[in-house]
Amino acid sequence: MESITVEQVASLYQKYQDDLRAVRDSQRQFLRDRGKTMKAQLDDYEAEMTYLLLRDLRPEVVVEIGTFYGWSTMWILSALRDNGIGHLYSFDIVDNVVRNVPEELSADRWTFTKGDVKQHLEKVPTEKTDYLFIDADHGARFAHWYIDNLFPAVPSGTPTSVHDVFHGRRPKPFSEGSVVMKWLAEKNVEFLTPSTAKAPEVTKQLAAVKADLGLSEPVRESDHNPMIFFHLP
Ligand SMILES: C[S@@+](CC[C@H](N)C(=O)[O-])C[C@H]1O[C@@H](n2cnc3c(N)ncnc32)[C@H](O)[C@@H]1O
């Protein structure tokens, strides 16, 4: 299985730089307008990589588990809007996201289900999933749940990202990250992370690409980027 590489991401920054610039500007403006009432989680690398990979893939069906206030939701929906194709199915126990996502983005391309995704597996369009995004419960049990119940139902090869893995050089013991990393190693699956703590050379390379393209001004001030990207085996 081909892995997602930093070179691929760098070339996508080049290819989609104009659209990305527009999304970055509108996301930055959204944060300014909302101030502290908007709690955003993904950092710029994580959000931009998600946007760029979605632009490249042009998926019909995206599944997002863990929306919180909708920061990742807005980035994903921006990619689907710019692709002119695709539907996002989002899941969260809390529904703050519903009040946050602008109508222009949600339009007819978004379905939100409120509740514990473990109790709503039948609402996840598993077999049709083209891209899977997970940023939810960061405990080991939840990771075991999706490895045992969700991953086997999603097509092999599906690009997938999981947040909160590399807060440091290694995942925290007994965390979601440690369970996922062990599983990826067992399955021989390579991953890419923009985590500055784990892979500072990746962050450095992408920062240089962004600087060349005039994309250095932060959207949100954060260098916390523990997400991993891989293809499901
Ligand atoms: C870190 S936040 C998501 C942040 C969001 N992706 C962003 O970019 O701002 C994690 C979210 O996962 C949700 N969550 C936790 N366990 C869940 C479960 N079992 N089913 C659905 N959502 C869950 C929480 O309610 C919380 O809103």
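User: Which residues does Gly70 touch, not counting residues up to four places away in sequence?

Analyst: This is a predicted model, so every value here is computed from predicted atoms. Gly70 touches Asn96, Val97, Asn100 and Val101. Contact here means C-beta atoms within 7 Å.

User: Where does Gly70 lie, and what makes it count as buried?

Analyst: Gly70 lies in the loop between β1 and α4. The cut-off for buried is 20 or more other C-beta atoms within 10 Å. Gly70 has 29 such neighbours, so it counts as buried. As for Asp164, it is 94 residues away from Gly70 along the chain. The C-alpha atoms of the two are separated by 17 Å.

User: Phe68 is found in the loop between β1 and α4. Why is Phe68 called partly exposed?

Analyst: Count the neighbours again. Phe68 has 19 other C-beta atoms within 10 Å. Buried needs 20 or more, and exposed needs 12 or fewer. The count of 19 falls in between, so Phe68 is partly exposed. Its backbone deserves a look too: Phe68 has a positive phi of about 50°, although it is not a glycine.

User: What makes Phe174 count as exposed?

Analyst: Phe174 has 11 C-beta neighbours inside 10 Å. The limit for exposed is 12 or fewer, so Phe174 counts as exposed. Phe174 sits in the loop between β5 and α8 (176-186). Its phi is positive, about 60°, although Phe174 is not a glycine.

User: How do you know that β1 is largely enclosed?

Analyst: Check its residues. Four of the five residues of β1 are buried, so the rest of the structure largely encloses this strand.

User: Which strands pair with β1, and in what sense?

Analyst: Two strands need at least two bridges to count as a pair. β1 and β2 have five bridges, in the parallel sense. Val61 stands opposite His87 in β2. Ile65 has Phe91 as its bridge partner there. The chain goes from β1 through α4 to β2, and this β-α-β crossover is right-handed. β1 and β4 have four bridges, also parallel. In β4, Leu132 is the bridge partner of Val63.

User: How does α4 lie relative to the strands?

Analyst: α4 lies across β1 (61-65), β2, β3 and β4. It runs at about 175° to β1. Angles run from 0 to 180 degrees between N-to-C directions.

User: What are the order and the pairing of the sheet's strands?

Analyst: The order is β3-β2-β1-β4-β5-β6, in an open sheet of six strands with mixed pairing. The twist averages 15° from one strand to the next.

User: Which pairs show that the pairing is mixed?

Analyst: Compare two neighbours of β5. β4 (residues 131-134) and β5 run parallel, joined by three bridges. β5 and β6 (residues 228-231) run antiparallel, joined by four bridges. Pro159 stands opposite His231 in β6, and Val162 stands opposite Ile228.

User: Which residues come nearest the ligand?

Analyst: Gln41, Gly66, Trp71, Ser72 and Asp137 come nearest, of the 20 residues around the ligand. The elements that give two or more residues to this shell are α4 (71-83) and β2 (87-92).

User: How do the residues of that shell divide by type?

Analyst: There are 11 nonpolar, four polar and five charged residues.

Technical notes. Residues numbered from 1 in each chain as written. Predicted model: local features only at pLDDT ≥ 70, side-chain atom pairs only at ≥ 80, totals over all residues. Near = placed C-beta within 6 Å. Nonpolar A, V, L, I, M, F, W, Y, C, P; charged D, E, K, R; others polar. Contact = placed C-beta atoms within 7 Å. Right-handed = clockwise from strand over helix to strand, strands pointing away.
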